[in-house]
Amino acid sequence: MQTGLQRPSAWYATPALLFFGLFALVPMVLVVYLSFTDWRGFGFPGLSGTENWTRLVQDGEALDSLGLTLLFMVLSWLVQTPIAIMIGVWAAGKQRNRAVLSTLFFLPLLLSTAAIALLWRSVLDTNFGVTQALPVLDRFNFLGDTSIVVYTVVFVVSWQYIPFHTLLYQAATRGIPASLYEAATIDGAGRFKQFFQITLPLLRYTIVTSSVLMLVGSFTTFDTILILTGGGPGTATRVAPLYMYITGFSAYELGYASAIAVLLLLLGGVLSLVVTRATGFRNMQSEQEGV
Amino acid sequence: MTSRRLTRVAVSATSLVLIGSMAACGSSGPAGGGGGGGGDTAQVWALQDAALAPILEGSIERFNEQSEAGDAELTTFGNDPYKQRLRIAIGTPTAPDLFFNWGGGNLKEYVDAGEVEDLTGMLDENPELREAFLPSVLAGAELDGANYGLPMRGMQPVVLYYNQAVLDEAGATVPTTWAEMLTAVDQLKAAGKTPVALAGNQPWTELMWAEYLLDRVGGPQVFQNIRDGVEGGWQQPEVLEAMTLLQEFIERGAFGSDFASVGYDVGGASTILAQGDAGFHLMGSWEYTNQLDQSPDFVAAGDLGWTEFPAVEGGAGDPSNLVGNVSNFYSLTADSGNKDAAREYLETQLTSDEYITDLIEAGDVPPVEGIRDQLAATDNGDHATFVYDSAVAADNFQLSWDQDLTSDEANEMLEQLSRFFLGEIDAQGFVDALAG
């Protein structure tokens with residue numbers, strides 16, 4: 001009875017475990033099985049040996065799409081992190097104008113991905129878009145020029161997700177004890193010094209959390225790109241998840257698409273482990289020790 | 001500690017579950033209207049289409065009133081869900097008895113898997129049924145000399161549309177040959193217009209140019225060799241010749257420079273034509289209804305014109321040949337438990353006067369013989385009779401390549417085509433990529 005008082009029974013976890021098993025583990029096991037078949041979406045998926053896997057190893061397009069995914073992840077992180085930190089720290093202030101403006105900044109959070117992608121597709125349209133009525137911007141074909149389109153996608157995805165990360169930083173900044181700043185002011189530290197010596201170091205675990213979410217998130221980003229560019233023009237924005245989708249649901253090579261999915265699953269798992277390990281996410285401790 | 005680490009791994013993996021589940025299950029949910037296999041009501045599956053649905057429903061009702069072999073029931077689905085649902089259902093007890101399809105490679109996959117009933121015998125027994133359809137259209141669901149489907153709605157060939165006002169302004173005339181087309185392009189360019197509107201962010205619009213040029217250069221057999229998997233299919237010299245013409249056409253600036261981001265779905269290329277920014281637009285015959293919807297003033301002013309794709313001088317293809325959506329077909333599943341009712345439906349309903357009249361009134365051009373006068377009497381008689389005459393006169397009606405090839409081949413072909421239009425590969429590169 002003593003242990004019963006301390007912890008709820010293990011049965012309490014059953015619904016969550018069932019849900020996880022049914023919607024995460026079972027599909028994962030199935031997709032591994034399918035990756036060894038030549039299933040085309042109908043009939044019984046018969047085994048085809050390692051055919052899909054040898055094909056994947058030699059598939060230059062898959063490699064290209066993975067490279068593009070990596071580029072996309074790095075660019076997204078580089079763009080989103082500094083902006084989210086800056087807006088987040090700024091929005092943590094209690095001034096009324098900041099509260100009003102932050103509400104506006106968070107608007108993209110309320111929009112669905114499909115709406116955001118459609119919105120930007122219209123805005124950036126090379127014939128009828130808003131950008132065509134503006135100076136300088138009208139010279140670019142944001143969605144049609146293969147050398148710019150990746151940056152366009154990074155921009156739109158950043159626009160979509162920066163508010164979320166801003167929210168993380170805002171909350172974390174508000175959690176920093178005011179006494180630290182008071183002490184710093186007495187010691188003669190200016191705003192910049194306070195930001196770099198107090199705010200930023202104390203935000204480090206938030207930066208880790210936000211980065212993990214950003215990297216894993218952009219690794220699997222798919223819906224925005226599908227609607228915004230469809231992976232095009234040509235294959236200029238066909239990131240790995242989109243390549244998997246097109247192979248599976250456009251070419252109906254579901255066996256091969258499953259092999260790509262398994263690879264993404266493995267890479268994604270490795271990515272999460274590496275990021276959490278390298279950043280000490282696992283050993284996180286309270287940020288307020290000694291305060 | 002170990003269990004905590006496991007939990008963490010599992011949690012990280014959850015964020016990737018989307019991927020797993022996406023590839024593992026195509027679609028789920030209750031099968032509409034129950035399974036067909038064992039019941040005594042034939043299940044008919046078709047695409048959801050606001051204009052078509054009441055017509056299909058009406059024909060089912062008429063059938064149920066008079067049928068001898070059993071009743072039929074219609075279930076409709078949206079485009080993408082339909083394709084996935086059908087794929088999952090085929091070969092299982094939940095498969096429909098009659099299913100809507102596009103003919104060609106898409107049907108061939110199911111035929112090769114032994115899931116589709118051969119209807120040749122039925123047509124042989126009913127010569128008047130066979131003769132009721134235009135032969136070039138009936139051929140759209142013919143594989144290795146056997147019929148696997150009957151046409152059930154209008155034809156949608158690809159037509160060269162133009163803006164007469166823009167052509168007049170540039171001093172250009174409607175081309176009948178490729179050389180005249182090039183002249184018109186130069187004149188339109190000189191007048192500061194985009195010569196040809198192209199919704200290039202979707203490669204199927206680019207495909208129309210490749211299809212017609214290859215047909216005009218080499219005739220229909222060249223593509224049919226490719227589709228039938230004849231060795232060296234893409235390496236036939238006609239392919240390179242046609243693609244070289246197309247490459248020169250692109251480099252000449254025929255499509256302008258912005259086409260790669262222009263869409264068809266969101267008022268892209270059609271609007272460019274209607275607003276007078278472009279001279280031509282090669283598109284399926286649904287473009288007419290589309291223009292009527294989106295730019296009624298443009299159509300009412302009489303500026304929207306249409307013509308056949310120009311002939312290529314010295315080419316082997318007959319200029320009467322068409323490409324496009326031949327029609328849609330109803331096919332019978334091989335495992336159907338209601339074959340008699342399904343056959344009776346196909347025999348009695350698809351060519352019935354009521355059904356054909358309904359289709360015509362909805363703006364379709366059904367692929368049946370002897371309806372020219374009826375078409376001419378409709379509101380859009382000019383366009384409807386043009387489509388009908390073209391189809392009757394067509395020596396060959398080639399189904400769009402992306403439908404005629406199997407889905408994986410089609411996918412690869414469209415991808416290389418969009419790279420070709422972007423200038424990433426040239427005509428030879430296109431051939432090499434697809435031959436490899």
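**Exercise 1. Find out what chain A is built from, and how confident the predictor is in it.**

Step 1: Begin with the elements. Chain A has 14 helices and zero strands.

Step 2: Turn to confidence. The mean pLDDT of chain A is 87, and 94% of its residues score at least 70.

Step 3: Helix H1 (residues 2-6) of chain A has the lowest mean among the elements of the chain, 56, while helix H8 (residues 149-174) of chain A has the highest, 94. Where pLDDT is low, predicted coordinates should not be read in detail.

Step 4: The C-alpha atoms of chain A fill a box of roughly 75 × 75 × 30 Å along the principal axes. Of the 291 residues in chain A, 35% are buried.

**Exercise 2. Describe the side of chain A that touches chain B.**

Step 1: Take the totals. Chain A brings 43 residues to the contact and chain B brings 36 residues.

Step 2: Ask which helices supply them. In chain A, helix H2 (14-34), helix H11 (204-220), helix H13 (240-249) and helix H14 (254-278) each supply at least two residues. The most come from H14(A), with ten residues.

Step 3: Sort by class. This side of chain A holds 23 nonpolar, 18 polar and two charged residues.

**Exercise 3. Work out the strand order of the five-stranded sheet in chain B, and explain what happens at its edges.**

Step 1: Read across the sheet. This open sheet of chain B has the order S2-S1-S3-S12-S6, with mixed pairing.

Step 2: Go to the edges. Strand S2 (71-77) and strand S6 (150-151) of chain B each have a single partner strand, so one side of each lacks a neighbour in the sheet.

Step 3: Zoom in on one pair. S6(B) and strand S12 (residues 329-332) of chain B are antiparallel and joined over two bridges. In one of these strands, S12(B), B:Tyr330 is the bridge partner of B:Leu150.

Step 4: Helix H3 (residues 53-66) of chain B lies across strand S1 (41-47) and S2 of chain B, at about 165 degrees to S2(B).

**Exercise 4. Locate the two domains of chain B and describe how they meet.**

Step 1: The domain assignment gives domain 1 (41-154 + 327-369) and domain 2 (156-324 + 400-435) of chain B.

Step 2: Check the spacing. The C-alpha centres of domain 1 and domain 2 of chain B are 30 Å apart.

Step 3: Examine the contact. Eight residues of domain 1 of chain B touch eight residues of domain 2 of chain B. On the domain 1 side, these are one nonpolar, five polar and two charged.

How values were computed
Residues are numbered from 1 along each chain as its sequence is written. Chains are lettered from A and ligands numbered from 1 in the order in which they are written. This is a predicted model: local features need pLDDT of at least 70, side-chain atom pairs count only at pLDDT 80 or more; totals for chains, interfaces and linings use all residues. Two residues are in contact if their C-beta atoms, placed from the backbone, lie within 7 Å. Helices (H or I, at least four residues) and strands (E, at least two) are DSSP runs, numbered from the N terminus. Ala, Val, Leu, Ile, Met, Phe, Trp, Tyr, Cys and Pro count as nonpolar, Asp, Glu, Lys and Arg as charged, and the others, Gly among them, as polar. Two strands pair if DSSP finds at least two bridges between them. Axes are lines fitted to C-alpha atoms, for helices over the stretch in contact, and angles run from 0 to 180 degrees between N-to-C directions. Domain bounds come from an automatic or database domain assignment. pLDDT is the predictor's confidence in each residue, from 0 to 100. A residue is buried if 20 or more other C-beta atoms lie within 10 Å of its own, exposed if 12 or fewer, and partly exposed in between; C-beta atoms are placed from the backbone.
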